[in-house]
Amino acid sequence: MPEYYVSKAAQPNGDHEVHQAECEHLPAEENRIYLGVFGDCHSAIAQAKRYYAKVNGCSSCSQARHTG
Ligand SMILES: [Zn+2]
């Protein structure tokens, strides 16, 4: 199962993107928070919401919930 991270930097619309560790868009180490290992991006996004009110799955690696 993949490891997931959430970006510390918000997108222009205020969302903090959730990425898998392998994603090409993964932020630099100082700009991301480690969430854990999850079987799907839904669980990772739920975890990310403990840090940020507005989170969203990355369109490249965590698209399932890319609707806000
Ligand atoms: Zn990604």
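Q: Which residue in β2 is the bridge partner of Tyr5?
A: This is a predicted model, in which local features need pLDDT of at least 70, side-chain atom pairs count only at pLDDT 80 or more, and totals for chains, interfaces and linings use all residues. Residues are numbered from 1 along each chain as its sequence is written. Three bridges join β1 to β2, which run antiparallel (strands are DSSP runs of E, at least two residues, and helices of H or I, at least four, numbered from the N terminus; two strands pair if DSSP finds at least two bridges between them). In β2, the residue that bridges to Tyr5 is His19.

Q: What is the order of the four strands in the open sheet?
A: β1 and β3 pair in the antiparallel sense over five bridges, and there Ser7 stands opposite Arg32 in β3. Strand β2 (residues 16-20), by contrast, runs parallel to β4, to which three bridges join it, with His16 opposite Val55 in β4. The pairing in the open sheet is therefore called mixed, and the order of its strands is β3-β1-β2-β4.

Q: Which strands stand at the edges of the sheet?
A: An edge strand here has a single partner strand, so one side of it is left without a neighbour in the sheet. The strands for which this holds are β3 (32-37) and β4 (55-57).

Q: At about what angle does helix α1 run to β2?
A: Helix α1 (residues 41-48) lies across β1 (3-7), β2, β3 and β4. Axes are lines fitted to C-alpha atoms, for helices over the stretch in contact (C-beta atoms, placed from the backbone, within 7 Å), and angles run from 0 to 180 degrees between N-to-C directions.

Q: How many of the five residues of β1 are buried?
A: A residue is buried if 20 or more other C-beta atoms lie within 10 Å of its own. β1 is largely enclosed by the rest of the structure, because the number of its five residues that are buried is four.

Notes
Two residues are in contact if their C-beta atoms, placed from the backbone, lie within 7 Å. A residue is buried if 20 or more other C-beta atoms lie within 10 Å of its own, exposed if 12 or fewer, and partly exposed in between; C-beta atoms are placed from the backbone.
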